[in-house]
Amino acid sequence: MKKIPAFGSKLRKNIVAVPEIIDECSGIRVFGQLLKSFLFSTDVAIIRNTNANAIIAVYPFTPQPTISNALILAADKPIFCGVGGGITTGNRSVELAVHADFQGALGVVLNKPAPNDLIRQLKDRIDIPVTITIVSEKDDIKGRIKAGIDIFNVSGAGKTTDIIKRIRDINDEVAIIATGGKTDESILAAIEAGANAISYTPPSTGELFKVIMDRYRNE
């Protein structure tokens, strides 16, 4: 293996690093950029201080252009923006996706309840990949593929590897991002099952601060 020169600084050495085992996956090439690691976060401070290749910015509220604007402007790496698909759907999701595309997002993400027709509408209107979250082997995988989905975002907790294998049984070419858990073993299991990229949930800002504050208190 070739040695990779590395540069850092005293001010930027404290970053949220994704597990190195993620390098074992193939990655997903989007507009020439090879993406292997996706950070699941909307925290701007964490987004600016991570070595992940890209960001999945999905949050449990109604998607708002103001939020996607802020994240895209602040990030120094590609952003995949959530555009609804559950409570927020139809024309509103389409307009949110178009806005994200125009603002510079590298992809959009639909929630699990999104109908297949919404996938078709997005494919007609935007020029960036459409991703949909899948949480069960019972989800309409074939219908999603027929509708033109570009990437599956598998988030099945303990069933993640089973869902990945189910997708691969149906289609061996479609791109898959998958949650890998916290251990190298669980991440490797997702990769071996067929995941092309891994999403990683970082510690919260509060958890990261606790380590620093504990150190300050002991000095």
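Biologist: Why is Arg 125 called partly exposed?

Modeller: This is a predicted model, and in it Arg 125 has a relative accessible area of 45%. Buried means under 20% and exposed means over 50%, so 45% puts Arg 125 in between, as partly exposed.

Biologist: And what makes Glu 95 and Arg 125 a salt bridge?

Modeller: The closest N and O atoms of Glu 95 and Arg 125 are 3.8 Å apart. The cut-off is within 4 Å, so the pair counts. Glu 95 sits in helix 3 (residues 90–103) and Arg 125 in helix 4 (residues 116–125), 30 residues apart, and the pair links distant parts of the chain. Glu 95 is partly exposed too, with a relative accessible area of 45%.

Biologist: What about Lys 112 and Asp 139, how do you know that they meet in a salt bridge?

Modeller: Their N to O distance is 3.7 Å, and the rule asks for within 4 Å, so Lys 112 and Asp 139 pass. Lys 112 is in the loop between strand 6 (107–110) and helix 4, while Asp 139 is in the loop between strand 7 (130–134) and helix 5 (141–147), so the pair ties together parts 27 residues apart in sequence.

Biologist: Buried or exposed, where does Asp 139 fall?

Modeller: Asp 139 has 14% relative accessibility. Buried means under 20%, so Asp 139 counts as buried.

Biologist: Why is Lys 77 called buried?

Modeller: Lys 77 is at 15% relative accessibility, and with the cut-off at under 20% it therefore counts as buried. Lys 77 forms a salt bridge with Asp 76, with the closest N and O atoms 3.1 Å apart. Asp 76, at 45%, counts as partly exposed.

Biologist: How many salt bridges does the rule give?

Modeller: The count comes to 4.

Biologist: Now the surface. Which residues form the negative patch?

Modeller: Glu 20, Asp 23, Glu 24, Asp 184 and Glu 185.

Biologist: What makes Glu 20 exposed?

Modeller: Glu 20 is at 70% relative accessibility, and exposed means over 50%, so Glu 20 qualifies. Glu 20 lies in the segment before strand 1 (28–30).

Biologist: Which element has the lowest mean pLDDT?

Modeller: Helix 8 (residues 205–218), at 76, whereas strand 8 (residues 151–154) has the highest, 98. For the protein, the mean is 92, and 99% of its residues reach 70 or more.

Conventions:
Residues are numbered from 1 along each chain as its sequence is written. This is a predicted model: local features need pLDDT of at least 70, side-chain atom pairs count only at pLDDT 80 or more; totals for chains, interfaces and linings use all residues. Side-chain values use heavy atoms; hydrogens and water are left out. Patches are made of residues with over 30% relative accessible area and no salt bridge: like charges are joined within 9 Å, nonpolar side chains (Val, Leu, Ile, Met, Phe, Trp, Tyr) within 5 Å. Accessible areas come from the Shrake-Rupley method with a 1.4 Å probe; for residues, only the protein chains shown count as cover. A salt bridge is a side-chain nitrogen of Lys or Arg within 4 Å of a carboxyl oxygen of Asp or Glu. Lys and Arg count as positive and Asp and Glu as negative; His and the chain ends are not counted. The place of a charge is taken as NZ of Lys, CZ of Arg, CG of Asp or CD of Glu. Helices (H or I, at least four residues) and strands (E, at least two) are DSSP runs, numbered from the N terminus. Buried means under 20% relative accessible area, exposed over 50%, partly exposed in between (1.4 Å probe, protein chains only). pLDDT is the predictor's confidence in each residue, from 0 to 100.
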